[in-house]
Amino acid sequence: MTAGVRRRLRVLITEDTRLRSNTLAALVQREDGVQLVAQATTGRAVLAAATEYRPDVAVLDIDLLGIDGLTVIEELRALLPRCKVIIVTGVIRPGHLRRAIAANVSGLIVKDVPGKQLLDAIDQAGTGARVIAPQLAMAALDAESSPLSSRETEILQRYAGGYEIPEIAAQVCLSGGTVRNYLASATGKLGARNRAHAVRIAAEAGWL
């Protein structure tokens with residue numbers, strides 16, 4: 001490589017719809033400074049593609065099928081610590097935004113952002129800079145903190161994922177009775193009618 005010439009950034013794009021994914025891919029492919037190495041539409045596909053192609057920057061939809069975007073970030077950090085992550089979202093859930101910022105993402109932008117701004121965000125992420133859309137930053141600041149403990153959150157997340165109490169108990173190395181107690185505590189703190197209602201309240205607030 002010639003001295004002073006920066007290599008092209010290797011970019012992974014993840015979108016939950018194939019049409020938008022292809023639109024973003026076409027945009028990136030026209031840019032000289034970046035190289036599209038993979039596309040994905042699910043959380044699992046992101047992790048598989050990241051392992052194979054080792055991108056410099058991953059552009060992630062926060063709402064993915066299977067594994068959600070925030071969980072993908074955590075696993076992606078373990079796989080590729082140097083990979084920069086830009087979160088793209090169409091729905092403002094303050095709790096999710098706060099978690100994304102706490103995860104130290106390199107970018108947080110809205111889905112309808114002009115193409116040039118997305119490319120600028122990718123370029124800045126590649127240099128180590130951070131880009132957060134003002135409206136998303138304000139929404140994150142306005143987010144209420146979760147009343148749930150980390151253990152209550154973990155167990156409610158697993159319950160939301162469809163696991164039965166015995167399965168959760170085995171996963172977190174607790175008794176079934178203790179798991180029920182945590183679920184009851186979470187339900188009470190959220191003022192929910194039942195466990196399903198507690199899941200809905202926490203998910204809508206961005207606490208799961």
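1. Basis. The model is predicted, and local features need pLDDT of at least 70, side-chain atom pairs count only at pLDDT 80 or more, and totals for chains, interfaces and linings use all residues. Residues are numbered from 1 along each chain as its sequence is written, and side-chain values use heavy atoms, with hydrogens and water left out.

2. Confidence. The average pLDDT (the predictor's confidence in each residue, from 0 to 100) of the protein chain is 83, and 86% of the residues reach at least 70. Over residues 1-5 pLDDT stays under 50. For this stretch the model has two contacts (heavy atoms within 4.5 Å) beyond four places in sequence. Where pLDDT is low, the predicted coordinates should not be read in detail.

3. Strands E1 and E2. Strands (E, at least two residues) and helices (H or I, at least four) are DSSP runs, numbered from the N terminus. E1 (residues 9-14) and E2 run parallel and are joined by six bridges; strands pair if DSSP finds at least two bridges between them. Leu 12 stands opposite Ala 38 in E2. Of the seven residues of E2 (residues 34-40), five are buried (under 20% relative accessible area, with exposed over 50% and partly exposed in between; 1.4 Å probe, protein chains only).

4. Arg 54. In the loop between helix H2 (43-53) and strand E3 (57-61), Arg 54 has a positive phi of about 50° although it is not a glycine. Most residues other than glycine have a negative phi. Arg 54 is exposed, at 52% relative accessible area.

5. Cys 173. The loop between helix H8 (165-172) and helix H9 (176-189) holds Cys 173. Cys 173 is not a glycine, yet its phi is positive, about 60°. Its relative accessible area is 69%, so Cys 173 is exposed.
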